[in-house]
Amino acid sequence: MLREAEVVVLGAGVAGLTLARLLWERGRKVLVVAEALGEASRPPVALVNPLRGRRFTLSAEGERALEAALAFYGRFVPLHLGVFRPVPEEDRPKVAGRLSRLKHRWEKEGVLLEEAFWLEPRPLLARLAEGLPLLRGRVLAWEPPWLVLEGGGRVRGEVLVYAGGGRGAHLLGLEGRHVPGLVLTLLDYFPRAVSYRVYLAGAALGGSYLPGEEGYRLPPPTEGEVEWLLQGAEALVGYRPRVASLWRGVRFRLSSFLFPVEGGVALTGLGSTGFLYAPLLAERLAERL
């Protein structure tokens, strides 16, 4: 088996599929190679919020990234607007100084980011993949201009794009942090997202991350992680939501997200900011290719 395209994208998570969709819409001959849609991009809910963490850090280019994410994802799936961030009184002056270009409204206990949002990743990935040339297979080697597949097949690209996250990082010798996270799916439903230490959005409770590791590993959930999440939820809403099931994924984190590699470009290592940054970075890369 031999396939070829102008641009071959390795990886069908949110970054890879967003880039492939943008190139395909521009009339480029693109091929996506992946074992499956998603992996780390398939949690029950994705929170797209540029004001992050307990220190209320504004992500670099956060306003621009949020604007791009709203415009792009809104073409494919419903977006649930509004993320409420409880803000301790002593932190309010600091937080207020970071919100000048974000649409927001102060409430009694914190701030509502009116254009931050949550979405359901699995329908999004399916919609992004519709119509795209997609070759399902496991890549064993990155040998530009070839990708070597399990079973002996090869794929040739004028440009190769690595968007495969942590599981395939060894193919390029990428060294980053592999951070296992846990999301609980719930019987309770939270239409407006609330986020401080953990987040509640839709039927999901997330925000648990184990210490980063050097290699890819998918450890089983622990009682301690589940308890930590439930304690965080109780602090936010005053009770413990009812748990239906668990989802475990591994986020891959690098200091740079878009950089040249042998034979092409890497768009990877976004960690928990993948859904925030994917449209902005993919648009920049699509313009360059």
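User: Which strands are among what covers the buried residues of α5?

Analyst: Keep in mind that this is a predicted model. The residues that need covering are Glu225, Val226, Leu229, Leu230, Gly232 and Ala233, which are buried in α5. What sits over them includes β13, β14 and β15.

User: Where do the buried residues of α5 sit, seen down its axis?

Analyst: The buried set is Glu225, Val226, Leu229, Leu230, Gly232 and Ala233. On the other side of α5 you'll find Glu223 and Ala235, both exposed. Down the axis the buried residues stay within an arc of 160°, so they line one face of the helix.

User: How far does α5 reach from its first C-alpha to its last?

Analyst: Helix α5 runs over residues 223-237, which makes 15 residues. At 1.5 Å a residue you'd expect 21 Å, and the model comes close to that. Just past the helix, Gly238 takes a positive phi of about 90°.

User: Which element gives the most residues to the lining of the largest cavity?

Analyst: The lining is made of Gly181, Leu182, Val183, Tyr199, Gly207, Ser208, Tyr209, Trp247, Gly249 and Arg251. The elements giving two or more residues to that lining are β13 (177-196), β14 (198-209) and β15 (243-253). With four residues, the top contributor is β14.

User: How much space lies in the largest cavity?

Analyst: With a cut-off of 30 Å³ or more, the count comes to one cavity. By class, its lining has five nonpolar, four polar and one charged residues. The space inside is about 50 Å³.

User: What is the volume of the second largest pocket?

Analyst: Its lining residues are Arg52, Gly53, Arg54, Arg55, Thr57, Ser59, Ala60, Arg253, Thr273 and Tyr277. Sorted by class, that lining has two nonpolar, four polar and four charged residues. The volume of this pocket is about 170 Å³.

User: Asp91 is in a loop, so is it buried or exposed?

Analyst: The loop that holds Asp91 lies between β6 (80-86) and α3 (92-96). Asp91 is 36 residues from Arg55 in sequence, with 8.6 Å between their C-alphas in space. The relative accessibility of Asp91 is 16%, and the cut-off for buried is under 20%, so Asp91 counts as buried.

User: Which buried residues of α2 are there, and what elements are among their cover?

Analyst: Helix α2 covers residues 62-73 and reaches 16 Å, close to what 1.5 Å a residue would give. Its buried residues are Gly62, Glu63, Ala65, Leu66, Ala69, Phe72 and Tyr73. Their cover includes α1 (14-25), β3 (46-48), β5 (57-58), β8 (110-119), α4 (121-129) and α6 (274-288).

User: Where do the buried residues of α4 lie around its axis?

Analyst: In α4, the buried residues are Pro121, Leu124, Leu125, Leu128 and Ala129. They span an arc of only 125° around the axis, which puts them on the same side of α4.

User: What covers that set in α4, and which residue just after the helix has a positive phi?

Analyst: The cover of the buried residues of α4 includes α1, β3, α2, β8 and α6. Just after α4, a positive phi of about 85° belongs to Gly131.

Key. Residues numbered from 1 in each chain as written. Predicted model: local features only at pLDDT ≥ 70, side-chain atom pairs only at ≥ 80, totals over all residues. Heavy atoms only, no water. 1 Å grid on protein atoms, 1.4 Å probe; cavity = no way out; pocket = protein on both sides within 12 Å on 5 of 7 lines; lining within 4 Å. Points joined across faces, edges and corners; volume = space filled by probe spheres on them. Nonpolar A, V, L, I, M, F, W, Y, C, P; charged D, E, K, R; others polar. Expected span 1.5 Å × (residues − 1). Buried < 20%, exposed > 50% of the residue type's maximum accessible area, 1.4 Å probe, protein only. Contact = heavy atoms within 4.5 Å. Arc of directions from axis to C-beta.
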